[in-house]
Amino acid sequence: MALLQILHYPDPVLSKKAEPVTEFDDDLKQLAEDMAETMYAAPGIGLAAPQVGVSKRMVIIDCAPKDEPAQLTILVNPEICDAEGECFEEEGCLSVPDYYASVHRHSKITIRYQDLTGHAHQAEAEGLLAICCQHEFDHLEGILFVDRLSPLKRGIFRKKWQKLQARQMEKM
Ligand code: NI
């Protein structure tokens with residue numbers, strides 16, 4: 001097990017479309033384990049492989065409430081095959097630290113994915129899990145939640161981000 005480095009906006013890997021996973025081998029299992037350790041340490045409720053510099057279509061999610069047992073889900077080559085409803089909830093991202101904003105998403109989705117052995121699954125998700133899936137699947141397309149803000153809000157984000165970066169530079 002190893003903690004991986006989480007890439008931050010605007011790292012170019014984060015805006016690249018990730019490649020499908022074709023080999024369901026020990027390396028993939030190891031990557032999933034390391035990603036889980038990294039996500040729990042952050043802490044976060046979702047992490048996509050491109051966020052740790054691996055441009056492959058795998059995400060991990062654990063939306064279980066803090067006082068309940070962990071519920072890790074590993075989704076390989078995931079896709080949304082059906083979506084309905086709308087919601088507008090505040091999101092954050094481990095690749096965009098200290099910034100939160102509301103994003104339009106579907107409130108209920110049907111997903112297809114493979115597990116670490118390559119077996120295919122279909123599942124329905126709603127609420128926080130549905131939002132988290134859409135956020136993480138976006139990472140595989142090279143899309144960050146800040147890319148889904150209105151042009152006005154994106155402008156505000158860029159200014160805030162520049163200020164945060166400048167403050168971090170001062171601390172160094
Ligand atoms: Ni994210």
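K29 is partly exposed, at a relative accessible area of 38% (buried means under 20%, exposed over 50%, and partly exposed in between, with a 1.4 Å probe and protein chains only). The model is predicted, and local features need pLDDT of at least 70, side-chain atom pairs count only at pLDDT 80 or more, and totals for chains, interfaces and linings use all residues. Residues are numbered from 1 along each chain as its sequence is written, and side-chain values use heavy atoms, with hydrogens and water left out.

The side chain of K29 forms a salt bridge with that of D26, at 3.9 Å from N to O (a salt bridge is a side-chain nitrogen of Lys or Arg within 4 Å of a carboxyl oxygen of Asp or Glu). D26 is exposed, with a relative accessibility of 58%. Helices (H or I, at least four residues) and strands (E, at least two) are DSSP runs, numbered from the N terminus.

In total, the structure holds 8 salt bridges. In another of these, D138 pairs with R148, with 2.6 Å between the closest N and O atoms. This pair links distant parts of the chain, as D138 is in helix α2 and R148 is in the loop between α2 and α3 (151-171), 10 residues apart.

The nickel ion is coordinated by C93 (SG), H135 (NE2) and H139 (NE2), at 2.1 to 2.3 Å. Donors are N, O and S atoms within 2.8 Å of the metal (3.2 Å for Na, K and Ca); water is not among the atoms, so sites may look incomplete. Both H135 and H139 are buried.
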